Structures are given as C-alpha cells and as structure tokens.
Amino acid sequence: MLNAPYLDGIDPFVATVRAIAEPDPVHAALRAAGPLVQVDAPAGGRAWIVTDSALAREVLNDPRISKDPAFAPPGWDRCTAGLEQTAAEQPSLTTLDGPVHADLRRAHAPLLNAQRIRAQSDRIHGIARKLLTELAADRTEIDLMADFTTRYPLTVLLDLLGIPLDYVDRAADACRRMLSNQPGAQGSAIAALTELAASGLGDNGQGLAAELRDRLPAHTTQEELQYHLFALIFAGQLTTDSALGTLIAHALADGPHRNSADEGSVGELVRETLRQHPPAPFTLWRFTTTEIELAGTRLPARAPVLVDIRGINTDPDRSPGPDLAFGAGPHFCIGAQLAQLELRAAATVLRADFPDARLTVPFTELQQTTIGGLQGSRLIALPVTLHS
Ligand code: HEM
C-alpha cells in the first residue's frame with residue numbers, strides 16, 4: 001500500500017495577492033507531487049487533494065465520499081474549515097448526498113436547465129446593457145469590480161427568482177460580508193440573504209423562488225426553503241462575480257476590442273477563461289464515510305478530500321474534453337447554464353455597445369486577491385473607460 005506524498009511547506013489555503021498574469025505555483029506543485037497529495041488542513045490534521053482528472057471524476061462520483069460536514073474529522077472547527085451545518089441540521093444541495101440529494105436536485109433542475117435559461121437570454125443581455133450604460137453615463141473611469149461584477153449577477157438572480165430589485169444593494173452588502181473574517185459577519189449575512197429570499201415567496205410570487213416552493217415536498221419548512229434560495233444567490237453571485245472580472249480583463253487585454261469576433265469567439269473566451277481561471281479553484285470539502293483506497297493509498301474514515309480544479313484544468317498534459325470548472329458528478333454546478341449565459345451576455349454587450357472600451361491600467365498591473373481557505377481569487381480593481 002502506498003502513502004500519498006505529504007507536501008510540507010506548501011499551503012494551498014493561504015490568503016494571497018498576485019498580479020493577474022503571475023503563475024500560481026501551488027497548483028503546479030500539487031500536480032507535480034502525484035495524483036493524490038497530503039497537505040496540512042486549515043482546521044487541523046491532514047487533507048488529501050486529488051490532482052488527476054480521472055481520479056477526480058472517480059472521487060466526485062464515489063458514494064462512499066460524502067459532502068455532509070457530519071463526517072468532518074472530529075475536532076474540526078466549522079468556521080475555520082468554512083463548513084456549513086450538517087445535513088441533519090440544515091439540509092441543502094451542498095450537504096446532502098444520495099437519493100435525498102437527487103430528489104432536491106430534481107426539484108431545482110427544471111428551473112435552471114438549458115432551455116429555461118436560454119429563454120431568459122434577452123432579459124439577461126438587457127440587464128448587462130442597462131447596468132453598463134448607466135455606469136458609462138455616470139462617469140468616465142469605472143471600476144467594474146466595485147460597480148458591476150457584484151451587482152450584475154445579483155440583479156439577474158433576484159430578477160429570475162422574483163425578488164424585488166430594490167434588494168440588490170442589500171444583497172450585495174450581504175455577499176461582501178460572507179467573505180469577511182469578522183466574528184458574526186457570515187451569520188448576519190446569511191440571515192440577511194435568507195430574509196430577502198422570502199420576498200420572492202408571496203402569494204403572487206411569479207419567479208423561480210415561488211416555483212421552487214411549489215416543486216418541493218410539502219414537508220419542506222419555510223426556513224429550509226429560504227436556505228435553498230440563499231444557497232442559489234450566494235453560490236451564483238460569488239463565482240460569477242470573480243469570473244466576470246477575469247473575463248472582462250482578458251477581453252480588454254489587447255486594447256479596444258472593436259474588431260473582436262463573433263458569438264463563437266465569445267463562447268471560446270468564456271470557456272477558456274473558466275478553464276484557466278476557475279472561480280472555484282477547489283471543490284468544496286468531501287469526507288470519506290468509511291476507510292477507502294484511492295490511487296493505492298488507504299484513507300481512514302472521516303478523511304477530508306478536495307479536488308484541485310485549477311490544477312487539473314491547467315495541466316499542460318490535459319486530454320481534450322470537458323474541464324472541471326463546474327465540477328462533475330451528482331454535485332455538478334446546478335447554475336452552470338445561467339453562469340455561462342451571464343458571462344457571454346456581459347462580453348457580447350461590451351463588444352457590441354462599447355467597442356472603444358479599454359483598461360485604464362496595463363493588463364499586467366491588475367492584481368487579484370484571495371482571502372484564503374477554499375475561496376477563489378478576485379481582481380482587486382478593474383478600472384476601465386467604456387467610451388473613447
Ligand atoms: C462561473 C460561475 C460558477 C462556477 C465556476 C461554479 C462552480 C461550481 C462548482 C465547481 C460546483 C461543485 C462543487 C463541488 O462539487 O463541491 C458548484 C456547485 C453548485 N453551484 Fe455553481 N458555479 C457557478 C455559478 C453558479 C450559479 C450562477 C449558481 C446559481 C444559480 C450556482 C449554484 C450552485 C449550487 C447550488 C451548487 C451545489 C450543487 C450540488 O451540490 O448539487 N453556481 N458550482
């Protein structure tokens with residue numbers, strides 16, 4: 001029986017600030033160490049990181065590896081590890097597994113499938129156009145990370161869910177607090193987001209929030225329903241916010257994009273940005289429910305396991321085919337269709353309506369930061385002018 005190599009001195013969970021084009025040494029080092037690597041976990045003890053694509057898909061489909069924090073190593077502090085409550089305490093897509101998870105997915109799936117999302121295309125392009133046009137009318141230089149990348153996905157989500165758009169600022173504020181290290185900040189942010197989710201659930205609710213309520217089993221409590229809506233808002237905002245920054249920075253990297261290409265090339269830009277800069281660099285934590293063998297290594301029960309999405313996506317020896325930006329297996333991102341449409345819409349509107357848009361600092365001076373843990377990086381600022 002092998003032992004997965006232990007990488008001493010490499011901390012994949014540390015907070016960083018880096019220039020946008022600066023290579024990330026951590027994922028390359030993990031990949032070079034082997035298909036399964038041990039590191040120190042932020043909440044104590046060892047964690048096992050999967051760096052190989054085939055092994056990752058095996059892990060993401062293995063019913064013996066659970067997302068339920070109930071299986072976290074004994075003694076792990078929930079806050080330090082960035083874990084949700086257990087599935088028994090707070091059932092959610094991200095903590096349930098097996099048939100109960102599949103039932104909850106079935107209730108959500110038709111709301112966000114390709115056909116439903118395609119039908120929203122004009123509306124989503126309209127939201128991107130309106131927000132960018134208002135910003136361009138307001139001032140010459142705009143920081144898109146401050147004024148667009150958070151508001152745009154939130155506006156789309158609230159609009160889809162049937163939550164009044166007056167709540168966008170409150171939702172943006174709560175999403176920022178979710179990333180704060182201040183004691184109590186996350187709890188108050190979850191409370192704010194679950195509370196505003198309720199405003200899509202009135203008797204006359206026309207959006208996806210009311211539709212989800214009607215599709216869930218009758219025993220679902222109001223609190224559970226609001227938490228499911230919170231999960232959609234938070235998961236949908238955090239990732240898309242960061243992806244928008246990287247996408248627009250790359251779209252404008254070579255100066256005004258007057259001649260940039262058609263729908264096909266916007267799709268390619270979105271795909272490549274997500275592959276090379278996945279907003280979720282790792283999956284969420286998973287835990288072995290029993291002793292198992294992975295890549296010839298024996299893992300004990302309650303071993304914490306992660307998949308290195310970024311390392312696998314950027315492997316120079318990667319085989320062609322789908323990447324892992326949206327995960328794989330039963331927990332594959334339920335918002336993948338929506339996210340890709342939002343990104344394509346932003347890039348298309350920028351190209352069509354603002355052909356003279358350009359960065360006001362050199363591309364290489366753009367800085368990205370991560371607060372550490374499993375969080376991906378986000379540009380600190382993205383200063384642009386939208387007109388010449
Ligand atoms: C570029 C944007 C996005 C990226 C890169 C992304 C990435 C991911 C990844 C990697 C997972 C799987 C995590 C794991 O297996 O541990 C996931 C799950 C999930 N995503 Fe996304 N996501 C994005 C946008 C969205 C949007 C817009 C929504 C909501 C509308 C959303 C809602 C969710 C939910 C609810 C899950 C949990 C699904 C489950 O466990 O069954 N995501 N996402």
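## Basis of the model

Residues are numbered from 1 along each chain as its sequence is written, and side-chain values use heavy atoms, with hydrogens and water left out. Because the model is predicted, local features need pLDDT of at least 70 and side-chain atom pairs count only at pLDDT 80 or more, while totals for chains, interfaces and linings use all residues.

## The ligand shell

The ligand is surrounded by 27 residues, where a residue is near a molecule if one of its heavy atoms lies within 4 Å of it. The closest are His 101, Arg 105, Arg 286, His 331 and Cys 333. By type, the shell divides into 15 nonpolar, 9 polar and 3 charged residues. In this division Ala, Val, Leu, Ile, Met, Phe, Trp, Tyr, Cys and Pro count as nonpolar, Asp, Glu, Lys and Arg as charged, and the others, Gly among them, as polar.

At least two shell residues come from each of helix 4 (98–108), helix 12 (222–251) and helix 15 (336–353). Helices (H or I, at least four residues) and strands (E, at least two) are DSSP runs, numbered from the N terminus. Helix 12 gives the most to the shell, with 5 residues.

## The nonpolar core

The largest nonpolar core has 82 residues. Such a core is a set of buried Ala, Val, Leu, Ile, Met, Phe, Trp, Tyr and Cys residues joined through side-chain atoms within 4.5 Å. Buried means under 20% relative accessible area, exposed over 50%, and partly exposed in between (1.4 Å probe, protein chains only). Helix 12 supplies the largest share of this core, 12 residues.

The residues with the most contacts inside the core are Leu 144, Phe 148, Tyr 152, Leu 382 and Leu 386. Not counting residues up to four places away in sequence, Leu 144 touches Leu 132, Leu 135, Thr 149, Ile 248, Leu 382 and Val 384; contact means heavy atoms within 4.5 Å.

Two strands pair if DSSP finds at least two bridges between them. Strand 10 and strand 13 (residues 383–385) are joined by 2 bridges, and Leu 359 has Val 384 in strand 13 as its bridge partner.

Another open sheet, also of 3 strands and antiparallel, has the order 1-11-12. Here strand 1 and strand 12 are at the edges, each with a single partner strand, so one side of each has no neighbour in the sheet. Strand 11 (residues 367–370) is joined to strand 1 (residues 16–19) by 4 bridges, with Thr 16 opposite Thr 370. Strand 11 also pairs with strand 12 (residues 378–379) over 2 bridges, and Gln 368 stands opposite Leu 379. Gln 368 and Thr 370 make up the covered face of strand 11, whereas Gln 367 and Thr 369 make up the uncovered one.

Ile 334 lies in the loop between helix 14 (309–313) and helix 15. Ile 334 counts as buried because its relative accessibility is 17%. Leaving out residues up to four places away in sequence, its contacts are Leu 93, Arg 105, His 108, Ala 109, Leu 112 and Leu 232. One of these, Arg 105, is also among the residues closest to the ligand.

Thr 150 is in the loop between helix 7 (144–147) and helix 8 (151–161) and is buried, with a relative accessible area of 3%. Its side chain makes a polar contact with the side chain of Asp 241 at 2.9 Å. A polar contact is a pair of N or O atoms within 3.5 Å; within protein, one must be able to donate a hydrogen and the other to accept it, and residues adjacent in sequence count only if both atoms are side-chain atoms. Arg 275, in helix 13 (residues 263–276), is buried at 16%. The side chain of Arg 275 makes a polar contact with the side chain of Glu 272 (2.9 Å), and one of its polar atoms lies 2.8 Å from the backbone oxygen of Asn 313.
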